[in-house]
Amino acid sequence: TEACLTAIEGASALGAFVHNTPDVARDMANAADARLKAGEAPAMCGIPLGIKDLFCTKGVASQAGSGILEGFTPEYESTVTQNLWDLGAVMLGKLNMDEFAMGSSNETSVYGNAVNPWRRGNDDAALTPGGSSGGSASAVAADLCLGATGTDTGGSIRQPAAFTGITGIKPTYGRCSRWGVVAFASSLDQAGPMTKTVRDSAIMLSAMCSHDPKDSTSADLPVPDFEAMLTGDIRGKVIGIPAEYRMEGMPAEIEKLWQDGTAMLKDAGAEIRDISLPHTKYALPAYYVIAPAEASSNLARYDGVRYGHRAKLAPGDGITEMYEKTRAEGFGAEVQRRVMVGTYVLSAGFYDAYYNRARKVRTLIKRDFEQVFEAGVDAILTPATPSAAFGLGEMASADPVQMYLNDVFTVTVNLAGLPGISVPAGQNAQGLPLGLQLIGRPWEEGDLLNCAYALE
Ligand code: GLN
């Protein structure tokens, strides 16, 4: 813990931590020490972690990267973080992220962007750590903590993991409780670990998961010891390679990464099978209808009354002006864009044309996966991202749709509720890390982690 606290102080330029809690960390570390001395050794005992700012942490500022939650200190602890503390983990502080987890570069954060510790060859230009869990990825990659919590609605654990050369898993929807995690798109949001290795992810995921009556979508299933399932033996497993993920204009370095990963799994004894997921091309548009629709509804609660920021009012202003001014000041441009899109697709005149149609497409995407798994495929291998980490500012100013294209390989997994993991699988010519994604059957994170372990 002390080593991490020192490292965090020395790495403030990375912008990874946004609220440091050294006193809390030392108290928790001492408590963990006492447990060890008493002969107790819970799985996370004494392990220093960073927590994404999206998780409510009792008595510690939790702003979800947004100006509208300025000054908000929760009275309660999220279930996922409570599970970690119960097993002895230590909180170092809160981590930077895109505002309300909307973004792929950490550039929509009210705190300013987090920075990727990696550089392109000898070029000094700062690169994005990805997003929205950019602070988590940067902190783990730079050894500021031993692990971090992330959340993933459309790729926010897997894309930043790929951009920073670390491992991140989004479990099956319902594995981790969403209670106390600030909601973005409730039918897609899942928490998961971001760590240096597959083994660490397995340990941390077991610690984070639980059945939670406070989240009606939390699954009442036993939580396996995922670490115990890491044998590295994947002989006879069937790995699907989906034709539709071979996008037009895919960079040669991504194509090569995918081929090398396929060859590695084959060498480890897996059977490689070409598969088809025909509705893939509709996933991104469906996601960018469903996610904003749910976000516009979830974000209606930030009204200047119940949480955080309230605008200064002029004489004569009424409640409508208070809502309008508070929301105009408190939300950043990307969040406002999502609220507008979401409100539009849910409006009476457009509900059937957009929202209902997107939900139908979602079902088709889910069925594509079900058919492939029913035909005997154990896991699906794809690239995690269409490129390596890009420069800060390089995409933020462009058309927002350019940024959305980052999620092309990851959003299908959230729409189908499946587990997906990103593992570091090589570097490009400029020395930047690249990640591969494995997608698994629902509730079989153990098998999925084991396939990733074989690739690591
Ligand atoms: N980049 C995606 C978005 O902006 C995914 C974000 C996430 O997974 N939280 O919606």
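**Notes on the predicted model: ligand shell, active-site residues and core**

1. Let's start at the ligand. There are 13 residues around the ligand, and Ala101, Ser104, Thr153, Gly154 and Ser156 come nearest. Sorted by class, this shell has seven polar, four nonpolar and two charged residues. Keep in mind as you read on that this is a predicted model.

2. Now for the database record. Which residues does UniProt list for "active site"? The unreviewed entry gives Lys52, Ser132 and Ser156. In sequence they span 105 residues, yet no two of their C-alpha atoms are more than 11.2 Å apart, so they gather at one spot. One of them, Ser156, is also among the residues that come nearest to the ligand.

3. Take lysine 52 next. Its place is in strand β2, residues 48-52. Is lysine 52 buried or exposed? Lysine 52 has 31 C-beta neighbours inside 10 Å, so it counts as buried. Leaving out residues up to four places away in sequence, lysine 52 touches Leu95, Met97, Ser133, Gly135, Ser136, Ala148, Thr149, Gly150 and Thr151.

4. Serine 156 sits in the loop between β4 (147-152) and α5 (158-164). This serine counts as buried because it has 37 C-beta neighbours inside 10 Å. Beyond residues up to four places away in sequence, serine 156 touches Ala101, Gly131, Ser132, Ser133, Gly150 and Thr151.

5. You'll find serine 132 in the loop between β3 (90-95) and α4 (134-141).

6. Asparagine 106 has a phi near 65°, which is positive although the residue is not a glycine. Asparagine 106 lies in the loop between β3 and α4, and it counts as buried, with 35 C-beta neighbours inside 10 Å. Aspartate 143 is another non-glycine residue with a positive phi, near 60°. Aspartate 143 is in the loop between α4 and β4 and is partly exposed, with 13 other C-beta atoms within 10 Å.

7. On to helix α3, residues 79-86. Its buried residues are Thr79, Val80, Thr81, Asn83 and Leu84. What covers them? The cover includes β2, β4, β6 (190-195) and α6 (198-208). Just after α3, glycine 88 takes a positive phi of about 95°.

8. Here is the nonpolar part of the story. The largest nonpolar core has 136 residues, and Leu49, Val90, Leu438, Leu449 and Ala452 touch the most other members. Helix α8 (residues 283-298) gives the most to this core, with 10 residues. Where does the core lie? Domain 1 (2-229) and domain 2 (285-351) both give residues to the core, so it lies between them. As background, nonpolar side chains tend to be buried together in soluble globular proteins.

9. Apart from its neighbours within four places in sequence, leucine 449 is in contact with Ile169, Val198, Ser201, Ala202, Phe226, Met229, Leu230 and Ile421.

10. Now zoom out to the domains. The domain assignment gives domain 1 (2-229) and domain 2 (285-351). Their centres, taken over C-alpha atoms, are 26 Å apart. How many residues are in contact across the two? In domain 1 there are 21 residues in contact with 17 residues of domain 2. By class, the side of domain 1 that touches domain 2 has 10 nonpolar, nine polar and two charged residues.

11. Last stop: valine 377. This residue lies in the loop between α11 (351-374) and β9 (379-383). Valine 377 is buried, with 22 other C-beta atoms within 10 Å; the cut-off for that word is 20 or more. Setting aside neighbours within four places in sequence, valine 377 is in contact with Val238, Gly240, Arg273, Ile275 and Val372. Valine 377 and valine 408 are 31 residues apart in sequence, and from C-alpha to C-alpha they are 22 Å apart in space.

Methods. Residues numbered from 1 in each chain as written. Predicted model: local features only at pLDDT ≥ 70, side-chain atom pairs only at ≥ 80, totals over all residues. Near = placed C-beta within 6 Å. Nonpolar A, V, L, I, M, F, W, Y, C, P; charged D, E, K, R; others polar. Core = buried A, V, L, I, M, F, W, Y, C linked by C-beta atoms within 7 Å. Buried ≥ 20, exposed ≤ 12 C-beta atoms within 10 Å, placed from the backbone. Helix = DSSP H or I, 4+ residues; strand = E, 2+ residues; numbered from the N terminus. Domains from an automatic or database assignment. Contact = placed C-beta atoms within 7 Å. UniProt positions renumbered as here; feature names shortened; annotations may be inferred.
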